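Have a look at the structure first, then read on.

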Amino acid sequence: MHIFSFQVEEGSQNSEQLLEDEDNDLEMEGNDLDIEGNGLDIESNGLDIEGSGLEIESNDLENDSHQMLIEDNEHENNRNDLTMVGGENGIPQGKDYLPPAVGMEFESYDDAYNYYNCYAKELGFAIRVKSSWTKRNSKEKRGAVLCCNCEGFKTIKEANSRRKETRTGCLAMIRLRLVESNRWRVDEVKLEHNHLFDPERAQNSKSHKKMDAGTKRKVEPTVDVEIRTIKLYRTPVVDPTGYGSSNSNEGEISNNVDRSRRLKLKKGDAQLIHDYFCRVQLTNPNFFYVMDLNDEGCLRNVFWIDSRSRAAYGYFGDVVAIDKTCISNKYEIPLVAFVGINHHGQPILLGCGLLADESFETYIWLFRAWLTCMSGRPPQTIITDQCKAMQSAIAEVFPKAHHRLCLSHVIQSILENLGGSQDSGTFQMILNRVIYDSLKVEEFELAWEEMIHNFGMTDHPWLHNLYEDRDRWAPAYLKDTFFAGMYPSQNGESTGSFFDGYISQQTSLKEFFDMYELVLQKKHQKEAFDDFESRSSSPMLKTSFYYELQLSKLFTNEIFRRFQDEVVMMSCFTIMQVHANGPIISYMLKEQECEGDQKSIKSFEVMYDKGSAEIRCLGGCFNFNGYLCRHALCILNYNGIEEIPFQYILSRWRKDFKRVYVPDLGSNNVDISNPVQWFDHLYRRSIQVVEEGMISQDHYMVAWQAFKESLNKVRLVADKHV
């Protein structure tokens, strides 16, 4: 039996909002500062991680007819004993220093600088401060960008000098920001370099020369982490009947798990699952799967994820919904899906599981398996139904994530539990009004109290328990939680299940796996088509506001359409300043709303910081949807701001943002004697050509011609050796 031992780090995630209560502005300094449009794309709500931490590469495990059993052992408290298994996405890692990742925190700026400097020295590159910013009229540093020494290019004057060209336009960098806790947090990371490492030259750089005995100490980021050791056990192939092999009990299974539980399978289903995984793993090098067996070798739980989904998580892993519709509705297949939202507002698959039951232990196993293949990086927000066992498991595995309940599920459960005994139409209308129209916590609590009193529900225990959990589902409590459009609006729009329309209550496991890849292919084709449409078409404008023109050039068509609706509705009659505290001003907007033949006036409070152009509407639209609402736009317009500030243009919605769904592997990191790495490298490079070839018809023709020429050249080489 082979045992592969490694550790997974659960990093802290924090969603500090863009508005900080500071009376002073920030000043930028640094010779290398280069702000072009969105050059300082700080997204405090995003998780634009291009690869860091730990990852299990499926190629590290032989593609044979064995499964893997994942098991959680005792907590390891010594971070210095962290064992690394390669670098994620082909990005090199040091022996002693973890690669930087969004969410890392340090006690001071010097600690953050020294950590990145030590990490750089270990890999063989040098760093410098590209830019930094301080409080106005103060020397207090508030943020900085540390970049690779090869960043940028020489000026014309410098290019004429005899000094050797060392700059290559390298994009590797980290962005640091001082947060409320007076700690320095990593807000943005780019790990990949476009040049070879030169340790000897780096050794003589300014950043490494000034490292003295005090700064050479190992600086660890103080992320609140929990290290767990996970072991993957090779186990014999499961029996085709689904009852397993009697001699496959080598894995040490947690004592508090009922050993009699097993996945409810029909004859041949277990072999079907195993055969599918083995077949896919041969052609999909980053495909990952884990099988959980009990002592008797019975298949209990299964988790799998393909390489595209693993790569997509780096772009869209900020908000993840856990969809267990199949389990809740007693479908034949006990499927759980991890679902995110892509740049077109469409659901994307981020992993699947088949579960034996809904126990706390089962969800712990599932979430740790998922977190393992995501390199220990938890999402910022997790959305689920009201399952208590899942809620407890999330608190255990993702302690720093914001766990929220799906509002559409909550409303549906209220109507199912209470609507039948009421005038359903009237009750539903008042319920929606209480939930959606209450902008402040006090308003919601008063309106809720009045509703349950009027409908005689004061002593209803189920409703009381739901109300106790209101900070997980009521909009008035969720203004500081980022949802990326996965929050249902009042008109009932919400993100559907990824497999909507493909799975029914009677769908068998065989039927599911027969159409699983077809569903993925359709979704990928839809995304590629929408990419093409967004890049090649210009949406029709409906107003004269520059905000509309600005984002029509940046956002994908679907997200722009949603934003455009907000621009069209910029119809506030009055704007009144109600409070000012230095550069921070509070406004009250009165907007006319129509419901049928009735018209009403509704007030919205908006805060605006003139110094930093930061704006916040009490309605929380930016965090709910990922773009500014009409109220915020009105205040920007009122203050003469013609362009939307860069921090409110998220890269996750942009049509010009490069997204390659296969982890890139630098050519200098390939072991030319290893055929497995040949495949990995060629496959990933070819996918990059495919992605670029989808930009336009001209790009497609060039890519197709290049493929044909390459194939002919490769065949000529093969012919010489026949």
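## A pair on one helix

Let's start in helix α16, which covers residues 557–568: Glu 558 and Arg 562 sit four residues apart there, so about one helical turn separates them. Their side chains meet in a salt bridge, with N to O at 3.0 Å. One thing to keep in mind throughout is that this is a predicted model.

Across the model, the count comes to 25 salt bridges.

Take Arg 128 and Glu 151, whose side chains meet in a salt bridge at 2.6 Å, N to O. Arg 128 is in strand β5 (residues 127–135), while Glu 151 is in the loop between β6 (141–148) and α2 (156–159), so this pair ties together parts that are 23 residues apart in sequence. Buried here means under 20% relative accessible area. Arg 128, at 12%, therefore counts as buried, and Glu 151, at 14%, is buried as well.

Glu 140 and Arg 142 make another salt bridge, with their closest N and O atoms 3.1 Å apart. Here the two partners fall into separate classes: Glu 140 is partly exposed at 35% relative accessibility, whereas Arg 142 is buried at 10%.

## Inside the protein

Now for the nonpolar side chains. The largest nonpolar core has 67 residues, and the members that touch the most others are Trp 448, Trp 473, Phe 555, Phe 563, Ile 615, Leu 628 and Ile 644.

Which residues does Trp 448 touch, leaving out those up to four places away in sequence? They are Ile 414, Leu 431, Val 434, Leu 463, Tyr 467 and Trp 473.

## A nonpolar patch on the surface

Nonpolar side chains turn up on the outside as well. Val 689, Val 690, Met 694, Tyr 700, Met 701, Trp 704 and Phe 707 form a nonpolar patch on the surface, and together they have about 620 Å² of accessible area.

Two helices, α19 (675–693) and α20 (697–720), each supply at least two residues of the patch. Helix α20 gives the most, with four residues. Tyr 700 has its place in α20, and this tyrosine is partly exposed, with a relative accessible area of 46%.

## A stretch named in a record

UniProt, in an unreviewed entry, lists residues 615–642 as "domain: Zinc finger PMZ-type". In the model, that span is 50% helix and 11% strand, and its end C-alpha atoms lie 14 Å apart.

Phe 646 is found in the loop between α18 (630–638) and α19. This phenylalanine is partly exposed, at 26% relative accessible area.

Technical notes: Residues numbered from 1 in each chain as written. Predicted model: local features only at pLDDT ≥ 70, side-chain atom pairs only at ≥ 80, totals over all residues. Heavy atoms only, no water. Core = buried A, V, L, I, M, F, W, Y, C linked by side-chain atoms within 4.5 Å. Buried < 20%, exposed > 50% of the residue type's maximum accessible area, 1.4 Å probe, protein only. Contact = heavy atoms within 4.5 Å. Salt bridge = Lys/Arg side-chain N within 4 Å of Asp/Glu carboxyl O. Patch = residues over 30% accessible without salt bridge, like charges linked within 9 Å, V, L, I, M, F, W, Y side chains within 5 Å. Areas by Shrake-Rupley, 256 points an atom, 1.4 Å probe, with all protein chains shown as cover. UniProt positions renumbered as here; feature names shortened; annotations may be inferred.
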